[in-house]
Amino acid sequence: MGVLRNRSRWVDVIGWRVGLILLISLVAFAAGLFTLTKDARDQWNELASASRDNNGWNVAQTEVEFLRAMNAVTIAGSKENPDPELLSEVRLRFDVFYSRMVTIRDSSTLAPARNTELSQNLITRVLRV
Amino acid sequence: MFNRRLFLGFVAAVSAFGSTLLASDEKVILTVNGLGDPVEFTQSQLAEIGTDTFETSTIWTEGVHEFTGVPLSAFLASLDVTSGMMFASAINDYTIEFPVEDALLEGPMIAYLLDGAPMSVRDKGPLWIVYPYDLNPDFQNEDAYARSIWQLDRIEIAQ
């Protein structure tokens, strides 16, 4: 009887320890799972709702449109009496460039591009036309 | 009486002729290629296909604006386009690829009015493919942004 009573006490002790270990493991597992799913959820949200367009491309494209406008001015300016078509081309290319500058001025995602005094001045000078 | 009828008839004839002249004077703002002969559209011809209006902000403009235009799905349906790829090009030759399958879904619109007025090139006109970004978070993604082409003036369909 005494041996049995001792054994059951040992089982109690082991059971309690195993239970504790199981509980800690479970909590750790749950915490790990939560962190992983939160990370995955954050990434999912980031991918699902993009707050930015391709900023670098937008700024580079503005320069491309500026050069196209300058090119049209150079071509029209090289003629004594430029065709109305050449002058329309100058206006069109300038308007495309102008719309790019408006985008840099207004776009929420392009705010970093207008952070400097230089860019502010450029935007103001172009959009005054 | 006879004179009055003649006069009214004359007025009707003149006004009909005038409106035809005005209609033919309207500028072509969109050309569609890839479906046999090029198909040209003026703003009123686009409006005849179907009109939709929504208010939304965009990531390229400040504040909320009202866009009016023809739903892209209605536009493609009017051309009997149901599959393939759509290539939409802007004045500066920038071109986007738009699977027709996606273009037929509800959302994208070829806008020709911004806050009730035609869009100049400086305002990203004459046409701008826009989504109701504010209405549905599904439209706030890179795909929708990339397909939101402005200064649109021609579309090529590859079926």
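**Close-up views of a predicted two-chain model**

**View 1. Strands 1 and 10 of chain B.** In this predicted model, strand 1 (residues 28-33) of chain B pairs with strand 10 (residues 152-158) of chain B in the parallel sense, over three bridges. Strands pair if DSSP finds at least two bridges between them. Asn33(B) stands opposite Glu156(B) in strand 10 of chain B. Residues are numbered from 1 along each chain as its sequence is written, and chains are lettered from A and ligands numbered from 1 in the order in which they are written. Because the model is predicted, local features need pLDDT of at least 70 and side-chain atom pairs count only at pLDDT 80 or more, while totals for chains, interfaces and linings use all residues.

**View 2. Strands 5 and 10 of chain B.** Strand 5 (residues 85-90) of chain B runs antiparallel to strand 10 of chain B, and six bridges join them. Here Phe87(B) stands opposite Glu156(B) of strand 10.

**View 3. Chain B as a whole.** Chain B has five helices and 10 strands; helices (H or I, at least four residues) and strands (E, at least two) are DSSP runs, numbered from the N terminus. Of its 159 residues, 28% count as buried, that is, with 20 or more other C-beta atoms, placed from the backbone, within 10 Å of their own.

**View 4. The side of chain A that touches chain B.** In contact are 16 residues of chain A and 16 residues of chain B, a contact being two C-beta atoms, placed from the backbone, within 7 Å. Helix 3 (residues 84-106) of chain A gives the most to the side of chain A that touches chain B, with eight residues.

Note on methods. A residue is buried if 20 or more other C-beta atoms lie within 10 Å of its own, exposed if 12 or fewer, and partly exposed in between; C-beta atoms are placed from the backbone.
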